[in-house]
Amino acid sequence: MAAGDTTLEQTLGLMTGIVEITRDASRAANALKTIGQRIRTVSEDGESYVAKLQSSFDKYGITVDIVNRKTGEMESTYNILKGIAAQWDNLNDAQKQEIGELAAGKQRITDFNNIESVPRNWFVK
């Protein structure tokens with residue numbers, strides 16, 4: 001998670017949240033690694049997950065910019081997840097599925113939903 005500018009404390013908070021639900025630390029670590037990598041990479045069809053995810057954010061009122069539009073710097077994985085969490089309860093199931101698949105992939109969407117399902121416990125205001 002350090003590569004995604006997420007602090008140790010933030011990573012531990014996210015890990016705790018997932019493990020609280022799954023009781024599986026290895027699964028939680030792999031989920032966070034996958035999510036951190038996916039939001040910084042290119043998809044199988046050559047399009048950036050960043051562009052697809054940002055488009056969904058803009059469409060659904062998620063106010064975090066994955067890439068700062070002025071500086072070009074990537075936002076931290078923690079702040080991206082925090083931005084999603086702020087709007088999560090206002091999204092319908094199809095919108096949650098779309099964002100989850102883009103951010104985590106089909107194999108990790110359940111873990112992504114575990115992160116976002118109880119954000120009040122994990123994200124510092």
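The chat below walks through a predicted model of a protein chain.

User: What does the secondary structure of the protein chain come to?

Analyst: Keeping in mind that this is a predicted model, the protein chain has six helices and zero strands, and, read along the sequence, it follows the pattern α-α-α-α-α-α.

User: And how much of the chain is buried?

Analyst: Of the 125 residues in the protein chain, 42% are buried. The accessible surface comes to about 6,800 Å², and carbon and sulfur atoms account for 48% of that surface.

User: What share of the contacts joins residues at least 24 apart?

Analyst: If you take the contacts between residues at least 6 apart in sequence, 62% of them join residues at least 24 apart.

User: Ok, salt bridges now. How many are there in the whole structure?

Analyst: A search of the whole structure finds three salt bridges. In one of them, the side chain of Arg69 meets the side chain of Asp58, with 3.3 Å from N to O. Arg69 sits in the loop between helix 3 (49-60) and helix 4 (77-88), while Asp58 belongs to helix 3, so this pair ties together parts that are 11 residues apart in sequence.

User: Why do such side chains pair at all?

Analyst: As a general point, side chains of opposite charge can pair when their charged atoms come close.

User: Which residue forms a salt bridge with Lys59?

Analyst: That partner is Glu98, and the closest N and O atoms of the pair are 3.5 Å apart. The pair links distant parts of the chain, since Glu98 is in helix 5 (residues 93-104) and Lys59 is in helix 3, 39 residues apart. Glu98 is partly exposed, with a relative accessible area of 26%, whereas Lys59 is exposed, with 53%.

User: Let's switch to helix 4. Which residues are buried there?

Analyst: The buried residues in helix 4 are Thr77, Tyr78, Ile80, Leu81, Gly83, Ile84, Ala85 and Trp88.

User: What span should helix 4 have, and how far apart are its end C-alpha atoms?

Analyst: Helix 4 has 12 residues, so at 1.5 Å a residue it should span 16 Å, and its end C-alpha atoms are 16 Å apart, which agrees.

User: Last one: where is Thr6, and how far is it from Tyr78?

Analyst: Thr6 is found in the segment before helix 1 (8-22). Although Thr6 and Tyr78 are 72 residues apart in sequence, their C-alpha atoms are 5.7 Å apart in space. Thr6 counts as buried, at 6% relative accessibility, and Tyr78 is among the buried residues of helix 4.

Notes: Residues are numbered from 1 along each chain as its sequence is written. This is a predicted model: local features need pLDDT of at least 70, side-chain atom pairs count only at pLDDT 80 or more; totals for chains, interfaces and linings use all residues. Side-chain values use heavy atoms; hydrogens and water are left out. Helices (H or I, at least four residues) and strands (E, at least two) are DSSP runs, numbered from the N terminus. Buried means under 20% relative accessible area, exposed over 50%, partly exposed in between (1.4 Å probe, protein chains only). A salt bridge is a side-chain nitrogen of Lys or Arg within 4 Å of a carboxyl oxygen of Asp or Glu. The expected span of a helix is 1.5 Å times one less than its number of residues. Contact means heavy atoms within 4.5 Å. Accessible areas come from the Shrake-Rupley method with a 1.4 Å probe; for residues, only the protein chains shown count as cover.
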